[in-house]
Amino acid sequence: MKRVFVSVFFVLVAMIMNAQDIAGHWGGTLNIQGVKLRLVFHVSRSGDSWTTTMDSPDQGAKGIPTGKTEYADSVLTITAPALGMKFSGKWQGTDRIQGTFVQGGLTLPLELTRVDGEVALSRPQEPKPPYPYRVEEVTFENTKAGVTLAGTLTLPEKGEHYPVVVLISGSGPQNRDEELMAHKPFLVLADYLTRQGIGVLRFDDRGVGQSTGNFGTATTLDFAGDVEAAVNFLKNDRKIRNIGLIGHSEGGMIAPLVASRSGDVAFIVLLAGPGLRGDRILLEQQKEMGKVTGATRKDLEYSSVVNRKCFDLVLESSSSEEAEVPLKKYMDSLNQAGKLPANMRDERGAELWRKQVLSPWMYFFVKYDPVPVLRSVKCPVLALNGSNDLQVLPENLGIIKKGLEAGKNRSVTVKELPGLNHLFQTCESGSPALYGTIEETFSPVALQEIGDWIKGKGF
């Protein structure tokens with residue numbers, strides 16, 4: 001009996017040690033069509049239960065919650081239903097787990113090994129102090145909206161008079177650096193331009209960082225009001241010769257709005273700015289990004305049909321409240337017939353999509369056509385797009401050009417830059433999932449195009 005007891009004792013000790021050994025930080029690299037994407041799972045144990053958070057360092061994402069973690073018979077299983085993701089792997093000892101990663105129709109091998117908690121990312125373009133120019137932390141008011149905007153103003157050290165540009169961020173809550181996936185494109189752009197003798201004001205979106213206000217209830221028109229407040233703040237500085245606007249993505253819609261109704265804007269630069277109406281931008285975006293994520297042609301075509309119908313219901317309505325009833329009726333009919341598209345997956349996904357479409361920002365965006373405003377813009381315009389942009393396709397450049405020229409604007413420069421994505425990074429694939437895997441934050445070619453155009457116009 002004693003020998004049996006000792007054997008059982010050692011088996012129990014081994015089981016306990018195995019359970020303890022699986023806890024920790026586990027990292028691996030997915031190979032997605034030749035592109036490498038790192039993942040880190042942080043596995044911890046509390047009593048008999050396990051919890052996991054996930055980092056995607058190359059996408060700048062940390063602490064992503066997962067749904068359920070199980071460890072039994074040396075097999076670790078981690079599921080994240082909200083992401084449609086599952087990892088299952090067998091523990092090979094103290095430092096290796098061999099398994100499979102499944103997400104969005106893709107099944108990929110993934111080997112995990114023990115790593116430190118943090119994975120460093122290389123961002124060689126990010127400037128470090130001391131800077132050869134003045135840096136001021138500023139605040140200004142959008143009095144009409146009751147919002148205080150906080151930002152950073154960088155000004156040339158030398159010179160009596162110089163142009164100053166206001167940077168306008170893309171969609172989603174953005175800080176003054178337009179930080180995304182550990183990249184800070186507006187910091188890099190501001191640093192480059194200020195070194196070229198061009199001042200820059202960049203600021204946190206309302207409700208983000210040190211700015212007040214509610215981002216979630218705001219539309220593109222509200223953000224345009226914030227940019228107008230920035231222009232009003234700058235025009236009181238006697239050293240500023242001309243004020244320009246540089247808008248990225250949605251910011252490329254906002255810049256023409258402000259320029260069309262303000263005599264204080266001397267020029268605008270549109271970086272991947274939309275020319276098409278919002279619903280068409282979204283449909284093209286969904287199709288192109290679906291291709292690079294492995295969606296089938298059949299699924300993409302059906303999703304397009306469903307989304308087109310949803311957008312039509314929005315276009316036919318005079319308010320989001322009016323659109324809500326027919327949109328819900330349509331989505332319920334698809335769910336009851338088992339015909340929800342793959343991007344919605346289930347009833348919960350359909351409900352989230354419906355709420356998103358009816359949100360103040362998206363409802364406005366779907367219905368907004370930039371062309372009538374472009375016809376009212378009389379100041380010089382530079383419009384740039386990357387040839388690999390999947391979020392705002394480069395074909396928008398032609399529409400922007402036609403809109404501006406239809407309004408008799410005689411100073412329009414339009415360029416498609418080869419091999420650049422939506423963030424103006426040099427790339428082979430324009431997939432947004434890969435933005436964080438690229439070390440380059442902002443193409444030097446694009447930076448030079450912007451700086452040379454502003455200086456060449458003599459602003």
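Guide: The domain assignment of the chain, automatic or taken from a database, gives domain 1 (24–113), domain 2 (133–276 + 369–457) and domain 3 (278–366). Residues are numbered from 1 along each chain as its sequence is written. The model is predicted, with local features needing pLDDT of at least 70 and side-chain atom pairs counting only at pLDDT 80 or more, while totals for chains, interfaces and linings use all residues, and side-chain values use heavy atoms, without hydrogens and water.

Visitor: How do you know which residues of domain 1 and domain 2 are in contact, and how many are there?

Guide: Contact means heavy atoms within 4.5 Å, and by that criterion six residues of domain 1 meet seven of domain 2.

Visitor: What makes up the area buried between domain 1 and domain 2?

Guide: Buried area is the accessible area (1.4 Å probe) that two parts lose on being put together, summed over both; here the value is about 510 Å², with 65% from carbon and sulfur atoms. On the side of domain 1, Val35, Asp58 and Gln59 lose the most area to domain 2, together 71% of what that side buries.

Visitor: How many salt bridges are counted between domain 1 and domain 2?

Guide: A salt bridge requires a side-chain nitrogen of Lys or Arg within 4 Å of a carboxyl oxygen of Asp or Glu, and the count between domain 1 and domain 2 is zero.
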